[in-house]
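Student: Please give me a close look at one part of this model: the place where the chains meet. Build up to it from the chains themselves, and keep it connected.

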Amino acid sequence: MFTITPPFCAYAKERNIADIDDLLDELYFNEQKFLDELIESDFSYNFLYTSISYNNNTYFSGRDAGTNQFNIIPQVSYYHSSGFNASISGIYYQEFLPNWDFTSLSLGYFNTIGEKKMFVYNLGYTKYFYTDGYDGFTNSIDFSFGVRNKKRGFGTTITASYVFGADESYQIVL
Amino acid sequence: MNFTLKRTSNFAVRLRPTVDFIIAKQSLAIEKIIFINRQRILETVNLNVFDLLNTQVSIPVSLSTKSWDFEFGNNLNLPNAVLKERKLKTTGFFSLSVGYLFDLHR
């Protein structure tokens with residue numbers, strides 16, 4: 001007999017740090033305006049991003065837990081050109097009880113390295129508040145480091161996470 | 001990877017396929033039969049393993065305007081069996097995301 005207890009929730013289709021620069025691109029993707037903004041404001045930014053994601057099925061570490069169910073992930077994030085970012089999110093499962101599994105609060109610092117901004121990193125902390133009082137993994141410290149080519153057509157990111165509470169674990173995503 | 005399929009002054013359509021390798025420490029509960037004084041006893045043993053758990057391939061297409069963005073993605077999981085897990089089947093799901101960006105700078 002064998003069971004596996006994933007400390008991490010189903011793959012959450014949230015916006016993550018690798019998407020922040022894409023968001024900026026989307027905000028300023030008219031290049032002329034981008035240049036104007038760059039001159040006028042030294043490319044400072046300050047925005048809220050709200051999103052809601054729907055996944056038509058739920059798997060844990062890619063594994064079928066035997067329950068076919070959708071999940072919904074709302075998210076509100078704040079990004080500032082100082083590098084500070086914060087978000088509140090959570091996840092709703094169709095079949096699990098309670099349906100609302102947890103609410104998470106994240107704080108982070110994002111920055112780029114080099115004039116061409118080919119390297120990006122983010123340091124973050126997330127606190128999880130589980131509806132059912134689960135206390136196994138209620139905190140996460142995450143470090144992401146990414147490299148991309150000049151035109152941003154290709155890139156790779158490594159994220160290392162240490163999760164802890166009454167229990168502890170760690171994860172690397174390449 | 002990030003392929004811009006269409007880009008005008010008002011919107012952009014992008015294809016951004018990703019491959020994620022998820023490597024994590026997991027706690028595994030394994031039940032095994034042991035013998036104590038010739039009696040069969042089922043014992044649960046907790047083991048920790050640090051290994052590749054899943055490879056996820058995502059192929060999202062996004063449509064972005066100045067404030068809105070819509071994303072439709074097809075996701076494929078290729079879970080890797082660890083320790084005594086039997087061969088795991090490939091799983092997949094679709095995702096839809098709608099986002100709105102409030103620019104507080106202006």
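**From the chain to the contact**

Tutor: In chain A, residues 24 or more positions apart account for 46% of the contacts with a separation of 6 or more. This is a predicted model. The predictor gives the complex an ipTM of 0.85 and a pTM of 0.83.

Start with chain A. Chain A has 2 helices and 9 strands. Along the sequence they follow β-α-α-β-β-β-β-β-β-β-β. Of the 174 residues in chain A, 26% are buried.

Now go to strand 2 of chain A, residues 46-55. This strand crosses to the other chain: strand 2 of chain A pairs with strand 6 of chain B, antiparallel, over 9 bridges. One pair to locate is A:F47, whose bridge partner in strand 6 of chain B is B:D103.

Step back to the whole contact. Chain A and chain B put in 42 residues each. On the chain B side, four strands each supply at least two residues: strand 3 (18-36), strand 4 (39-64), strand 5 (68-79) and strand 6 (91-103). That side divides into 21 nonpolar, 13 polar and 8 charged residues.

Follow those chain B strands in order. Strand 4 and strand 5 of chain B run antiparallel, joined by 11 bridges. The link between strand 4 and strand 5 of chain B is a hairpin through 3 residues. In this pairing, B:L63 stands opposite B:F70 of strand 5. Strand 5 of chain B then pairs with strand 6 of chain B, antiparallel again, over 10 bridges. Here B:N77 stands opposite B:T91 of strand 6. Strand 6 of chain B is the strand that pairs with strand 2 of chain A.

Strand 5 of chain B has two faces. The covered face holds B:D69, B:E71, B:G73, B:N75, B:N77 and B:P79. The uncovered face holds B:W68, B:F70, B:F72, B:N74, B:L76 and B:L78.

How far can chain B be trusted? Its mean pLDDT is 87, and 99% of its residues score at least 70. Confidence in chain B is highest in strand 5, at a mean of 94, and lowest in strand 1 (residues 3-7), at 81.

Return to chain A, past strand 2. The loop between strand 2 and strand 3 (71-80) of chain A holds A:S61. Phi of A:S61 is near 50°, a positive value in a residue other than glycine. A:S61 counts as buried because 24 other C-beta atoms lie within 10 Å, where 20 or more are needed.

Next, strand 3 and strand 4 of chain A run antiparallel, joined by 7 bridges. A:Q75 stands opposite A:S89 of strand 4. Their hairpin has 3 residues between the strands, and A:G83 in it takes a positive phi near 110°. Strand 4 (84-93) and strand 5 (100-113) of chain A are antiparallel too, with 9 bridges. A:F84 has A:Y109 as its bridge partner in strand 5. This hairpin has 6 residues between its strands. The loop between strand 4 and strand 5 of chain A contains A:P98. The peptide bond joining A:L97 and A:P98 is cis, with omega about 0°.

How values were computed. Residues numbered from 1 in each chain as written. Chains lettered and ligands numbered in written order. Predicted model: local features only at pLDDT ≥ 70, side-chain atom pairs only at ≥ 80, totals over all residues. Contact = placed C-beta atoms within 7 Å. Nonpolar A, V, L, I, M, F, W, Y, C, P; charged D, E, K, R; others polar. Pairing = 2+ DSSP bridges. Buried ≥ 20, exposed ≤ 12 C-beta atoms within 10 Å, placed from the backbone. pLDDT = per-residue confidence, 0-100.
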